[in-house]
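Here are some notes to read alongside the structure. Please keep the sequence at hand while going through the points.

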Amino acid sequence: MTGDEAKKRIQELVREINGHNRRYYINDNPSIEDAQYDALMRELESLEREYPTLVMADSPTKRVGAAVGETFEKVKHAYPMYSLANVMNEREFLDFHERMLRDGGSDISYTVQEKFDGLAVEILYENGALVSAATRGDGTTGENITANIRTLGTVPKKLKTAKKLVVRGEVLLTKAEFARINKEREAEEEPLFANPRNAAAGSLRQLDAKITASRKLSFFAYQVADHRDYGLGGEQETMAFLSKEGFSVSENSLHTADPQAVLAHFRAVQEKRHALAYEIDGLVVKTDNYQLQEKLGVIARSPRYAVAFKFPPEEVSSVIEDIAVQVGRTGALTPVAKIAPVRVGGVMVSSVTLHNPEEIKAKDIRIGDTVYVVRSGDVIPKITRVDAARRKSGSRAYAFPERCPVCGGKTAITAGDVIVRCISESCPAKIQKSIEHFVSKECMNIDGLGKEFVAGLIAQGSVRNVADIYALKDEDFFKLERMGEKLKENLMSAIDASKRTTLARFIAALGIRHVGAETAALLAKRFRSIDAIMKVTHEDLIAMDSIGDESAKSITEYFSDKKSKALIERLIALGVTPEHTEVAIIDSPIRGKSVVITGSITGLTRSQAKEAAERLGANVQSAVSKNTDFLIVGEDAGSKLKKATELGVAIMDAETFVKMVEERR
């Protein structure tokens with residue numbers, strides 16, 4: 001490569017990486033996978049080493065993260081927050097170890113922790129109280145997110161120590177919470193979060209703290225910035241101090257002087273990473289001793305005494321056999337790639353959602369292409385890139401349908417959205433999906449009325465909206481294939497039984513955008529009747545916890561619509577009776593106590609166990625903290641048991657809990 005070629009390529013890389021940094025750190029919407037980003041950075045670093053006179057002033061190798069956005073108040077960090085240099089394989093780690101021996105001496109020991117895939121934050125405590133919190137930002141200046149951090153149950157609000165303390169750590173979403181949020185967004189036909197990291201970052205960087213509170217974020221501490229003030233001598237000692245103060249810390253940690261032990265630990269954690277409750281993308285390896293860390297120092301944006309030992313990307317190749325477009329309840333046209341079945345992360349995948357036409361265009365995805373697939377957050381299959389070198393000649397870009405593929409109706413894109421929607425109110429697909437949602441187990445729970453029967457009733461004209469279900473007659477059922485007297489009676493009985501339902505289920509069943517089961521439950525508890533809910537104002541709603549501006553706008557628009565009002569009035573006229581009932585609290589040893597449930601409990605689903613504990617008067621939390629009174633432990637209990645033991649939280653076995661529930665029925 002000539003000097004001119006190197007200069008041109010460096011300029012291209014700086015421009016491209018800085019753009020990716022803005023999308024990742026500020027917009028929480030990355031356009032490439034981590035492995036692709038790492039490859040670009042490594043190429044730039046290599047060229048800058050070879051041509052040091054060509055290094056640009058705005059090179060991303062010279063700073064952390066990206067410039068701070070204008071949305072939040074800026075906060076200057078008392079101590080710089082650095083990023084870590086990466087090592088991508090065992091040979092590179094051993095090279096790092098040899099540098100440590102050469103520059104730091106023979107007495108080297110390491111603390112190894114999980115590399116959480118979340119958002120780095122700094123929290124300041126004074127006189128034992130949480131006073132402020134900020135994102136890492138560009139390493140010297142971050143964004144003030146104090147109000148949002150206060151909503152996290154895993155962040156202690158009061159410490160034992162009365163001195164000033166600066167704690168750093170990672171805010172993340174568990175895989176289960178990531179799946180729950182995306183399932184709710186999918187039900188509301190909202191764009192799905194790409195992965196847990198971006199979901200966590202987007203949740204934490206909300207102007208409305210209620211939205212943050214609804215996302216159940218977790219915080220893991222990994223550093224005390226002012227460790228000298230506490231006489232802490234190293235990483236291992238600091239982790240013990242943080243745990244004692246009530247913070248969650250890395251569970252899969254190791255302290256060793258043996259580099260081979262680090263490699264063995266890396267392989268072991270990589271093997272079991274899919275079983276972890278949260279996503280990690282590698283391990284952080286740090287020299288343990290703080291005096292040695294100071295001696296080794298920092299180069300540019302990274303400390304010399306620590307590295308991020310990254311797991312290799314788990315991409316699997318397959319071929320796109322077709323692209324189908326599905327029509328959802330709100331008319332959203334969602335493209336889905338049908339791929340040759342392939343096993344990804346232990347699961348067989350044959351369909352991958354492409355979300356919207358913009359994704360197809362941005363990745364230049366075509367039918368017949370060889371593509372690479374990952375499971376984001378070990379949950380959602382995702383196409384990361386196209387192997388253009390294996391593209392067949394003559395292939396053409398995919399043409400997204402201009403009209404609804406089901407009814408042929410017109411489509412439109414809502415202002416500020418990227419989703420194409422069918423706007424025909426008579427679209428069979430929209431009607432079908434809305435009725436499937438309405439009768440589902442989580443909503444009106446009409447047992448037996450599955451997709452085939454719903455499709456048949458729509459096709460014969462017996463059902464045009466959800467209210468028609470309650471006007472069905474015997475002859476409507478007998479027109480369906482394979483319908484007998486007994487099955488008809490069962491369906492009619494299930495429909496009749498569903499008329500008496502809870503207010504929360506009824507609201508959820510209506511299919512209002514941005515209103516899932518949790519929001520429906522909040523509305524029911526606050527307003528207590530459908531009449532009251534139909535009269536709520538935008539101001540009433542945003543004054544509530546966990547309801548933001550978007551949800552409030554959607555709710556008020558729905559209930560002010562004449563057709564929505566008419567539908568609800570007809571449902572009630574046909575005998576549907578939504579009622580709000582308060583949970584009858586029973587006196588018990590856990591009444592008024594903060595309780596966390598972990599593991600599986602025989603005879604009870606997770607939601608049934610939660611409901612049972614609440615009926616016994618407990619305040620059920622998602623994470624163990626020093627404020628937890630009881631941990632109820634079932635089979636296959638995970639890290640929560642270890643955390644509770646460390647904090648001295650009282651343990652209640654599942655058998656005792658079940659007995660308590662049964663005795664008070």
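1. Charges. The chain carries 94 positive and 95 negative charges, and their mean positions lie 2 Å apart. Keep in mind that this is a predicted model.

2. Overall dimensions. The C-alpha trace of the chain spans about 85 × 70 × 45 Å along its principal axes. The radius of gyration is 28 Å; a compact globule of 665 residues would have one near 26 Å, so the value agrees with that expectation.

3. Secondary structure. There are 24 helices and 26 strands in the chain.

4. Contacts along the sequence. Take the contacts in the chain between residues at least 6 apart in sequence: 68% of them join residues at least 24 apart.

5. Surface and interior. The chain exposes about 31400 Å², and carbon and sulfur atoms supply 50% of that area. Of the 665 residues in the chain, 50% are buried.

6. One residue in detail. Where does Thr370 lie? Thr370 is part of strand 17, which covers residues 370–376. Is Thr370 to be counted as buried or exposed? Its relative accessibility is 7%, and buried means under 20%, so Thr370 counts as buried.

7. Neighbours of that residue. Leaving aside residues up to four places away in sequence, Thr370 touches Ser317, Ser318 and Val319, and also Val386, Asp387 and Arg390. A reader can find these residues in the structure and check how they are placed around Thr370.

Technical notes. Residues numbered from 1 in each chain as written. Predicted model: local features only at pLDDT ≥ 70, side-chain atom pairs only at ≥ 80, totals over all residues. Heavy atoms only, no water. Helix = DSSP H or I, 4+ residues; strand = E, 2+ residues; numbered from the N terminus. Rg over C-alpha atoms; globule rule 2.2 N^0.38 Å. Buried < 20%, exposed > 50% of the residue type's maximum accessible area, 1.4 Å probe, protein only. Contact = heavy atoms within 4.5 Å. Areas by Shrake-Rupley, 256 points an atom, 1.4 Å probe, with all protein chains shown as cover. Lys, Arg positive; Asp, Glu negative; His and termini not counted. Charge placed at Lys NZ, Arg CZ, Asp CG, Glu CD.
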